[in-house]
Amino acid sequence: MSTTITPTFDVAALRGAIESRDSAALADLYTDDCVVEIADQTNTPSNPSRVESKAALRAVFDDVYGRDMTHEVGTVAVGSDAIGYTVNCAYPDGTKVLCAGVAELRDGKIARETGVQAWDAA
């Protein structure tokens with residue numbers, strides 16, 4: 001009898017990388033050819049921002065985690081081929097940001113992700 005082993009996603013590494021603002025560690029959880037799309041107040045669902053490749057995504061993470069703000073991972077749901085999670089962020093002035101993402105996994109890494117983010121009104 002043959003058993004197929006499916007790599008599992010490292011939720012602790014995701015939580016640790018996001019909450020410690022470690023863009024390199026977070027990028028390591030994505031495939032080299034990943035695609036990430038994000039919809040928000042500027043980038044509508046019809047025209048989301050799109051990042052292709054781990055290298056390009058790392059640059060985005062460097063920008064986000066270089067800002068003076070906190071990040072806390074909320075709910076995480078993970079299966080053999082998909083993950084969903086939320087992130088609660090806060091700027092020092094009290095402005096809150098809520099992010100929610102769902103992603104397809106390949107070989108235990110994020111291959112394709114769709115995210116939505118919303119900010120407090122100014």
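1. Strands (E, at least two residues) and helices (H or I, at least four) are DSSP runs, numbered from the N terminus; two strands are taken to pair if DSSP finds at least two bridges between them.

2. Basis of the values. The model is predicted, and local features need pLDDT of at least 70, side-chain atom pairs count only at pLDDT 80 or more, while totals for chains, interfaces and linings use all residues. Residues are numbered from 1 along each chain as its sequence is written, and side-chain values use heavy atoms, with hydrogens and water left out.

3. Strand pairing around β6. Strand β6 (residues 109–119) pairs with β1 in the parallel sense over six bridges. Within this pairing, V36 stands opposite E113 of β6, and A39 stands opposite V116 of β6. Strand β5 (residues 96–106) runs antiparallel to β6, and ten bridges join the two; L98 has A118 in β6 as its bridge partner. β5 and β6 form a hairpin with two residues between them, and D107 in the turn has a positive phi of about 55 degrees.

4. How many salt bridges does the model hold? The count comes to eight, a salt bridge being a side-chain nitrogen of Lys or Arg within 4 Å of a carboxyl oxygen of Asp or Glu. One of them joins E37 and R50, with 2.6 Å from N to O. This pair links distant parts of the chain, since E37 is in strand β1 (residues 30–39) and R50 is in strand β2 (residues 49–52), 13 residues apart. E37 counts as buried at 18% relative accessibility, whereas R50 is partly exposed at 42%; buried means under 20% relative accessible area, exposed over 50%, and partly exposed in between (1.4 Å probe, protein chains only). R50 also forms a salt bridge with E52, the closest N and O atoms being 2.7 Å apart. E52 is partly exposed, at 48% relative accessible area.

5. Salt bridge within a helix. D62 and R58 form a salt bridge in which the closest N and O atoms are 2.9 Å apart. Both residues belong to helix α3 (residues 54–65) and lie four residues apart, about one turn of the helix. D62 is partly exposed at 36% relative accessibility, as is R58 at 33%. Elsewhere, salt bridges that share partners join E37, R50, E52 and R112 into one network.

6. S53 is found in the loop between β2 and α3 and counts as partly exposed, at 24% relative accessibility. Residues up to four places away in sequence aside, S53 touches D32 and C34. Its C-alpha atom is separated by 15 Å from that of I38, 15 residues apart along the chain.

7. The chain as a whole. The protein chain has three helices and six strands, which follow the pattern α-α-β-β-α-β-β-β-β along the sequence. Its radius of gyration, taken over C-alpha atoms, is 15 Å, close to the 14 Å that the globule rule gives for 122 residues, so the chain is as compact as a globular protein of that length. The globule rule is 2.2 Å times the number of residues to the power 0.38. Along its principal axes the C-alpha trace spans about 60 × 30 × 25 Å. Of the 122 residues, 33% count as buried.

Definitions and conventions. Contact = heavy atoms within 4.5 Å.
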